Structure formats: structure tokens, C-alpha cells
Amino acid sequence: MADKYIVCKDCGTEFVFTEGEQAFYKEKGFENEPQRCPECRRARKAQRNNRTSHGQGAGNRW
Ligand SMILES: [Zn+2]
């Protein structure tokens with residue numbers, strides 16, 4: 001196995017999918033390679049967290 005270079009689907013940046021990460025993915029049973037660079041992945045995660053932490057916002061109704 002060797003490091004792989006993947007182009008991010010979101011921002012087009014080329015990033016390294018390292019040997020260690022490939023092993024990690026395999027161990028987890030992921031069959032697909034990552035589509036996005038770590039930065040975009042982090043951004044997406046943060047976005048999702050924001051949305052869920054907002055909840056339903058129904059508490060202010062009196
Ligand atoms: Zn990206």
C-alpha cells in the first residue's frame with residue numbers, strides 16, 4: 001500500500017490519503033475512499049453539529 005492522492009470533491013484541493021488512513025478505513029470496513037479533503041470534512045461535520053445543537057427551538061413559545 002502507498003499514499004494516495006485524491007482530489008477533493010468540494011474544493012478541488014488535492015490531499016493525501018495516507019497509508020495509515022487507508023488501513024484505518026479498511027479496519028472500519030469502509031469500502032469507499034474519502035471524497036473530500038480533511039478541511040471540507042471538518043467543515044461539513046461542524047455544520048451538521050450546528051444544526052443538531054439548534055434543536056427544534058420550540059421552547060420560546062408562550
Ligand atoms: Zn476540500
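**View 1. Two helices and two strands make up the elements of this predicted protein.** Helices (H or I, at least four residues) and strands (E, at least two) are DSSP runs, numbered from the N terminus. From the N terminus on, their order is β-β-α-α. Residues are numbered from 1 along each chain as its sequence is written. The model is predicted: local features need pLDDT of at least 70, side-chain atom pairs count only at pLDDT 80 or more, and totals for chains, interfaces and linings use all residues.

**View 2. Confidence across the elements.** pLDDT is the predictor's confidence in each residue, from 0 to 100. The protein averages 87, and 81% of the residues score at least 70. Among the elements, β1 has the highest mean pLDDT (97) and helix α2 (residues 38-54) the lowest (84).

**View 3. The β1-β2 hairpin.** Strands β1 (residues 4-7) and β2 (residues 14-17) run antiparallel, joined by four bridges. Two strands pair if DSSP finds at least two bridges between them. V7 stands opposite E14 in β2. Six residues lie between the strands; in the turn, G12 has a positive phi of about 80°.

View 4. I6 counts as partly exposed because it has 15 C-beta neighbours inside 10 Å. The cut-offs are 20 or more other C-beta atoms within 10 Å for buried, 12 or fewer for exposed, and partly exposed in between, with C-beta atoms placed from the backbone. Leaving aside neighbours within four places in sequence, I6 is in contact (C-beta atoms, placed from the backbone, within 7 Å) with F15, F17, E33 and P34. The C-alpha atoms of I6 and Q35 are separated by 7.5 Å, at 29 residues apart along the chain.

How values were computed: Two residues are in contact if their C-beta atoms, placed from the backbone, lie within 7 Å.
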